[in-house]
Structures are given as C-alpha cells and as structure tokens.
Amino acid sequence: MTDDEALQKLAAAVPANVREVCARLSAAGHEAVTVGGAVRDALLDRAPGDWDVATSAHPDHVLALFRHTIPTGLQHGTVTVITGRGIESHVEVTTFRGEGAYSDARRPDHVTFGVPLVEDLARRDLVVNAIAYDPAHDRLIDPFGGRADLDARRLRAVGDPVARFTEDGLRVMRVVRFAAKLEFAIDPATEAAIGAALPSLAKVSRERVSDELRKLLAAREPSRGLVPAARTGIIATIAPELAPQIANADVWAARIDRAPSETRLAAMFAPLARTTVDEVTARHVDREVVARVAAIAKALKFSNAEAEAAAMLVGAAHATAWAPWNPAEVRRLLRELGAKLRPLAIALWTSAAVRPNSPLVAEARRVLDAREPLAIGDLAIGGQDLVGDLALKPGPVVGQILDLLLTVVLDDPTLNAREPLLERARKLALELGDGVH
Ligand code: ATP
Ligand code: MG
C-alpha cells in the first residue's frame, strides 16, 4: 500500500464528528490525531471500532474547548466529548502521556502529560496499534513501522518486548487475541518474550483476562491465538488445571475452530472431560466434570451463565466416544441437557476429532428433528389435567407423577397421548398414596 492509498483510506474512514473534534483542537493550536485500533482497522479494510483521539492539549483545555464533555478518566487524561445524540456521538480524547514504572504489572505508577506524540505512541503495546493519523493535516505518524507490519501481517511489541510485557501482563493476552482476530503472525522475538511475562500475567485481574479470551474465542480461527498461547505457557498460567490435559495443542485448537461460537468455551475446556468413566456415567452428564469446569470458568470470571453452559457441555462431551446408543438412552441424555443446550451439545460432539459422526450424533439429531418429547412441558397432559380430570390435590404429588410419566415417555414416545397418560397417572396416584378423591 502506498502512502497516498493509506491517506485516502484514512481520510475516507474517519467519521465526521471525530474529524471535527480534531479540527477544533488543531485550530486552537494543539496537535490532535486519531490513533490505535480504529486507525489499524481502517488501514486493514476492517470495520473500525471506536475512534480514539490523542492530543497535546491538557485535559483542562479539552474540557474548556468543548461545550458537552464528561471527565471520564481525568487522572489518565481522558475526556469524553459529546458531539451529538447517543453513545455513537461520544469521542474519547486522551492527552498524550508518558508512563512511569509499572511496579504492580497492572497499571503505571504515574502518568506524565506534556510529552510529544512519539512518546505517547511508544507506550502502546503493539507496533500496529501505534500508528497515528492527523485528519486536519492529512498526515500519518508512524515512527515504529506500523504500516510495514500491517503489510507483513506481523505483530511486534513496541520497543523491548520483555520490558513491555513484564510491565503490563495483559499485553501477552492482547498479542494472542490480535493474532487470532487479525490473523497475523507473532514476530519470533515478541513471542519469545511472553515466557518472561507470565508472572505479570498471573497478577492481571481475571476479568480482563477472560475479556481477552472471550474476544479471542470469537475470532474466525481461535487456533491462531490459542496455539501460541499454549506453546508459550499462557494457557498454563490462566488455566493451570486445563493445560496438563491438552495432549496436543494443534488438535485441541483445531477442534475449537470447528466448534460454532456458542460452544467455543466448552470446546476449550473439553480436555477436562473424563475419558474413563463407568458404564452408568457414560450415559449421563458427568456431574463431577460439570462441577469442576464450572468452578474453573467462574474463577476466570466468565459469567455464571457462560460458565454453567460450558460446564454442562463439557460434562456431556465424553458421550460421543461411546457406542452403541439406544434411542431411549439418547433421549435421557438430551433431557438432562435441557432445551437450550441440546443443539449445542450436538455441535460440540460433531466438532470432536474422534467420532464426529458417532451413532450418538445421528440419533440425537433424529430425536430433535422428530420433536420427540424430552421434558415435562412436552407431555400430552399437564398438571391441570391431573387436577381437573383425576381430581388430584394440587401439590408435590402432581409434580412427581409428571416426572414419572416423562420417564415412561422417554422410554417409549408413542405413549405420549392423553388417554394412556391419564390412565397411568391414575395408577401412579394410587401407588403414591394420594387417593383420587
Ligand atoms: P479493539 O479493536 O479491541 O478496540 P484496540 O487496539 O482499539 O482494539 P483498545 O483496548 O481499544 O484496543 O485500546 C486502544 C489503544 O490503546 C490500542 O490500540 C493501543 O494503542 C493502546 N492500548 C490498549 N491497551 C494497552 C495496553 N495494555 N498496553 C499498551 N497499550 C495499550
Ligand atoms: Mg478500541
């Protein structure tokens, strides 16, 4: 890409309100540039996310220059300028800053304003994230060779990678996330620095780690970040229980690529499924595994919903290795999973390298396609029928009877019809001692 092409792309991509914010700062005698992810994405022809503005103006001057502002993070030099209606009109303007030491590997001890743009770019994580564009003067500022790295599809740390990664351990997560998201290769010297930064990564809040992991798993091919993450010890640092279970990182990551996005977290934890279980456990969700995976995912600060869904799916993951399956066994397993997770379990089984088309998968698909009854709600009669037709007292016995009816119907779906079920219910009511009155 020539300079002219790059400038044309950026000139076309910068939104009008961002351009106006830069123009006003510029007219007041300050430097004002767009920088970071949006510049990078615009040059790559990817849809840019938020446009960040960096300026030589002190935050007080930014506050004074614009009518509507929010002092979002004044101690870091960030002011939000409101340029219209709605959140899309918000533009974050951050004063050029240099950073002091990071004694806690999480945030700098102090920031300094009044530094030149090149110093602000020097504190950024990756060379491709350290390109600035000045819309008022139609000028690119690229002191570290960011455009060359975009052309080479390469990720390099700005400056000395060991120093940059150890001062902020989150950066190694960002590297593997961008490797997956941008489909870029990690430069060997940058990858080699990750090992030294693992103690710093261990100090980063789990929320920030899982935010990066979530973004990585949403990429087209997470393997592009997960394989280097496994190779460098990132996985062992963030999920020490998982890492030893990964026999082959390429096989593990390729399965995650094949898994649809809603099942990626489960695919990641799939090596935690137990391969040697007894005959009974083999036919059911493995509750021991569910508990273990849920605890690990919650410790990593995935939401309860994310953690519990992934855990159930991993708890069912072993099932695909088993054969044969009879239809009633498959229906009982699908019932345990619940309506929402059933198609996801099938997708996860299908992503397995071993037996992707197991008899279980074929039978589970057939059961779902045929809409065979798998839950109390699918039964041909409900609680009202028991209370109305059989004159049962509303109460726990009604629920017990419905549970037993479902057991019968899971064994033989042809019994799911009103009359035969009422007949059985009547008998069950007598057995359970709640006489029909
Ligand atoms: P995304 O597309 O996910 O928003 P981004 O590159 O814009 O990617 P942000 O987290 O929005 O990422 O950060 C904006 C910019 O701030 C980055 O491009 C980078 O220049 C800088 N930056 C963000 N996090 C760090 C960090 N931990 N260390 C150094 N620089 C960082
Ligand atoms: Mg961004």
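Helices here are DSSP runs of at least four residues in state H or I, numbered from the N terminus. The close-up views below all come from a predicted model.

**View 1. The shell of residues around ligand 1, to which helix 8 gives the most.** With five residues, helix 8 makes the greatest contribution to the shell around ligand 1. Helix 8 spans residues 170-182, and both this helix and helix 3, which covers residues 37-43, supply at least two residues each to that shell. In total, 14 residues surround ligand 1, and the closest of them are Arg40, Asn129, Asp168, Arg171 and Arg177. When the residues of the shell are sorted by class, 10 are charged, three are polar and one is nonpolar.

**View 2. Side-chain atoms of Arg40, Asp168 and Arg171 beside ligand 1.** An oxygen atom of ligand 1 has a polar side-chain atom of Arg40 at 2.8 Å. In the side chain of Asp168, an N or O atom lies 2.9 Å from a nitrogen atom of ligand 1, while for Arg171 a distance of 2.7 Å separates a polar side-chain atom from a nitrogen atom of the ligand. On its own, ligand 1 has 590 Å² of accessible area, of which the protein covers 75%.

**View 3. The largest pocket, whose space is taken by ligand 1.** The space that ligand 1 takes up is the largest pocket of the model, and the volume of this pocket is about 1,600 Å³. Its lining consists of 48 residues, those closest to the centre being Asp52, Arg97, Arg123, Arg124 and Arg174. By class, the lining of the largest pocket comprises 22 charged, 14 nonpolar and 12 polar residues.

View 4. Helix 14, made up of residues 249-258, provides the largest share of the lining, namely three residues. The lining of the second largest pocket divides by class into 14 nonpolar residues, five polar residues and two charged residues.

Technical notes: Residues numbered from 1 in each chain as written. Chains lettered and ligands numbered in written order. Predicted model: local features only at pLDDT ≥ 70, side-chain atom pairs only at ≥ 80, totals over all residues. Heavy atoms only, no water. Near = heavy atom within 4 Å. Polar contact = N/O pair within 3.5 Å; in protein donor to acceptor, adjacent residues only side chain to side chain. Areas by Shrake-Rupley, 256 points an atom, 1.4 Å probe, with all protein chains shown as cover. 1 Å grid on protein atoms, 1.4 Å probe; cavity = no way out; pocket = protein on both sides within 12 Å on 5 of 7 lines; lining within 4 Å. Sits in = over half its atoms within 2 Å of the grid points. Nonpolar A, V, L, I, M, F, W, Y, C, P; charged D, E, K, R; others polar. Points joined across faces, edges and corners; volume = space filled by probe spheres on them.
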